[in-house]
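Please open the structure in your viewer and keep the selection tool at hand.

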Amino acid sequence: MAGQPQPISPVKNFFAGGFGGVCLVFVGHPLDTIKVRLQTQPRPQPGQPPLYSGTFDCFRKTLTGEGVRGLYKGMAAPIIGVTPMFAVCFFGFGLGKRLQQKNPDDVLTYPQLFAAGMLSGVFTTAIMAPGERIKCLLQIQAATGETKYSGSLDCAKQLYREAGIRGVYKGTVLTLMRDVPASGMYFMTYEWLKNILTPEGKSVSDLSVPRILFAGGLAGIFNWAVAIPPDVLKSRFQTAPPGKYPNGFRDVLRELIREEGVASLYKGFTAVMIRAFPANAACFLGFEVAMKFLNWIVPGL
């Protein structure tokens, strides 16, 4: 059984989750750029080397060719979407827990916490899908040498002009396939680690900063261990020219496995795992710090 605190106020949850998400983006976006470029790089011609030989080669070429700003390409879209997304994410997790409680002080099992986390993934997809579409397009355009979009807003306008709302939300099913199980793993792992790391006789709310960082970082790694195959498919699908994959993710999957093998589903794995620990450690620390601050200034909210 998993011990946990009382359900969090939705208002506090909104601000604390948003702050945690902003922390995650600032820490993790450079390696997210590397991940997307590795996942979407064109297949090399016979006898030619790939554009990037690996994570560190991609990092070096991006830094050399575009400077530090190149690592933060496309960050505006996730920053704009991150506050409501993480607010909804943490709210969805809290709601999922509450729906499974017969009494407010009921302690949920880990499978129940996993189910609550899955609900949060459903909630966040409406915000995440268009943000991810814009982010991926901006991240790869610098690598291809083309400058079709001047920024996040211009990208959104062009996508809507070309294909309507469906163009903006291209890849929504794949985003759901990635985020629903991954979010379940994310929150369940965090709650499990908090319980394990809490000294006997102490409350999980009194965990030290290093232990929160460790729990949050490891939760991020478990999250991405589940998420990376559908994330590779999503990145390919969202950045493909219109009409390339008429049957959606099934066409992407068939093409990847046929041309590059099953290992292609784990493209960008190193970049993802290097990013996952610090970014998610920062997210959960930001969330916990914001919650303590809000509980201090508005205890009755």
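A crossing of two helices is called right-handed if the near helix is turned clockwise from the far one by less than a right angle, and left-handed if anticlockwise. The model on display is a predicted one.

**First stop: H7 and H10.** Select residues 172-197, which form helix H7, together with residues 269-297, which form helix H10. Viewed as a pair, H7 passes H10 in a right-handed crossing. On the H7 side, the contact is made by Tyr186, Phe187, Tyr190 and Lys194, and on the H10 side by Asn280, Cys283, Phe284 and Glu288. By residue class, this contact of H7 with H10 comprises 5 nonpolar, 1 polar and 2 charged residues. Two packed helices are described by the angle between their axes and the distance between the axes. Here the angle between H7 and H10 is about 70°, and the axes are 13 Å apart. Angles of 65 to 115 degrees count as roughly perpendicular, and H7 is therefore roughly perpendicular to H10.

Select helix H8 (residues 209-239) and helix H9 (residues 249-260), which pack at an angle of about 105° with their axes 10 Å apart. H8 and H9 are therefore roughly perpendicular to each other. Display the side chains of the contact: Val232, Leu233, Arg236 and Phe237 come from H8, while Val252, Leu253, Glu255, Leu256 and Glu260 come from H9. The contact of H8 with H9 divides into 6 nonpolar and 3 charged residues, with no polar ones.

Centre the view on Thr55, in helix H2 (residues 55-66). Is Thr55 buried or exposed? Its relative accessibility is 10%, so Thr55 counts as buried. Leaving aside residues up to four places away in sequence, Thr55 touches Ile34, Leu38, Thr270 and Ala271.

Select residues 75-95 and 107-129, listed by UniProt, in an unreviewed entry, under "transmembrane region". For residues 107-129, a distance between the end C-alpha atoms gives 33 Å. The span of residues 107-129 is 87% helix and 0% strand.

Methods: Residues numbered from 1 in each chain as written. Predicted model: local features only at pLDDT ≥ 70, side-chain atom pairs only at ≥ 80, totals over all residues. Heavy atoms only, no water. Axes fitted to C-alpha atoms, helices over the stretch in contact; angles between N-to-C directions. Helix = DSSP H or I, 4+ residues; strand = E, 2+ residues; numbered from the N terminus. Parallel < 35°, antiparallel > 145°, perpendicular 65-115°, else oblique. Contact = heavy atoms within 4.5 Å. Nonpolar A, V, L, I, M, F, W, Y, C, P; charged D, E, K, R; others polar. Buried < 20%, exposed > 50% of the residue type's maximum accessible area, 1.4 Å probe, protein only. UniProt positions renumbered as here; feature names shortened; annotations may be inferred.
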